[in-house]
Amino acid sequence: MKLQFLAGVVALGLAGLAHADGFVNGNFEAGTTAGWTTGGGDRSYTNNASILPSQFLPGGSLNQDSGTRGAVIDGSYVDPNLGALLGTTVYSGKYAYRAEDTISGGLATVISQKVNNYTEANIYFAWKAVLENGGHVEDESALMMLTLTDDTTGKLLINRSYNAGYTGGGVDSRFAVQGDLFYTPAWQVEKLTIDQSLSGHSFTLSLLAADCEPTAHTGYAYLDGFGSVSPPVPEPTTYGMMLAGLGLLGYMARRKKSA
């Protein structure tokens, strides 16, 4: 009888492990957004204080498209507004994701993924952002919002929310400034340790990037490396591409000056 009881306990434990979900294409190495949910829409009548990522996903009150302005990018992609100043646009591997396009329009894009019954030791992800200062107050400015939520308890565990308000108070020391652009020159790697109080819970990562509410200034962000292990640092070949880009920009500047 005792052996039967123990066998039943072991079977239940194995069944629980079998239902634990891992990350699906968390680092975009499929070259697509498979495993992710994307959406977007017009934010031109919605202030930052009222915006939530879920509003732009399918079924949300502001959802108007499937996130068509977002894109999976590869290591050859150079940021069109900052060039080599932004550095690499892929943190590790061959691909990353850019939320929202790189021009203005009063629009927003969201990408999100949920993992269920999570039992690994850590959750990692990496991001960069570019936010254009249009001289607006913070509540109307270009915005990025990155959240990791414990769906089991409803608690917000990681919240990175920044805007391009004209005073500069909507960003922190992670950001540099080039002209009217606030941007993160280094990849920001986030880590959540899954202790006993969190093990077995479900979690959702969501990234929102939005242009300013008056529509004339851009906001977008890059995402990579959503997984259970720390994303490896960019490969030397990636840095080589960065240096080549810097050399090209210098050549173009010298040519323009001589002309």
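## Glu 213 and its surroundings

Glu 213 touches Arg 43, Ser 44, Tyr 45, Thr 46, Asn 47 and Glu 140, not counting residues up to four places away in sequence. Contact here means heavy atoms within 4.5 Å. The model is predicted: local features need pLDDT of at least 70, side-chain atom pairs count only at pLDDT 80 or more, and totals for chains, interfaces and linings use all residues. Residues are numbered from 1 along each chain as its sequence is written, and side-chain values use heavy atoms, with hydrogens and water left out.

Glu 213 sits in the loop between β11 and β12. Glu 213 is buried, yet has no salt bridge. Buried means under 20% relative accessible area, exposed over 50%, and partly exposed in between, with a 1.4 Å probe and protein chains only. A salt bridge needs a side-chain nitrogen of Lys or Arg within 4 Å of a carboxyl oxygen of Asp or Glu. The nearest side chain of opposite charge is Arg 43, 6.0 Å away. For charge, Lys and Arg count as positive and Asp and Glu as negative; His and the chain ends are not counted.

## The chain as a whole

The chain has 2 helices and 12 strands. Both are DSSP runs numbered from the N terminus: helices are H or I with at least four residues, strands E with at least two. Along the sequence the pattern is α-β-β-β-β-β-β-β-β-β-β-β-β-α.

Of the 259 residues, 45% are buried. Among contacts with a separation of 6 or more, 76% join residues 24 or more positions apart. The chain exposes about 12,600 Å², and carbon and sulfur atoms supply 56% of it. Such areas come from the Shrake-Rupley method with a 1.4 Å probe; for residues, only the protein chains shown count as cover.

The largest nonpolar core has 32 residues. Such a core is a set of buried Ala, Val, Leu, Ile, Met, Phe, Trp, Tyr and Cys residues joined through side-chain atoms within 4.5 Å. Ile 123, Phe 125 and Phe 203 have the most contacts inside this largest core. Elements giving two or more residues to it include β3 (95–99), β4 (107–118) and β12 (219–227). β5 gives the most, with 5 residues.

Beyond four places in sequence, the contacts of Ile 123 include Phe 23, Leu 148, Phe 203 and Phe 226. A second, separate core has 13 residues, among them Leu 86, Ala 126, Val 130 and Tyr 222.

## Aromatic rings

There are 13 aromatic pairs. Rings of Phe, Tyr and Trp (its six-membered ring) pair if their centres lie within 6.5 Å; planes under 30 degrees apart count as stacked, over 60 as edge-to-face and the rest as tilted. Phe 23 and Phe 226 form an edge-to-face pair, 4.6 Å centre to centre with 75° between the planes. The pair links distant parts of the chain, 203 residues apart. Phe 23 is in the loop between α1 (2–18) and β1 (37–42), and Phe 226 in strand β12.

Phe 23 is partly exposed, at 21% relative accessible area. Phe 226 is buried, at 3%. Ring pairs link both into a cluster with Phe 28, Trp 36, Tyr 97, Tyr 118, Phe 125 and Phe 203.

## Positive phi angles

Most residues other than glycine have a negative phi. Phe 28 has a positive phi, near 65°. Phe 28 lies in the loop between α1 and β1 and is buried, at 0% relative accessibility.

Thr 215 also has a positive phi, near 90°. Its place is the loop between β11 and β12. Thr 215 is partly exposed, with a relative accessible area of 31%.
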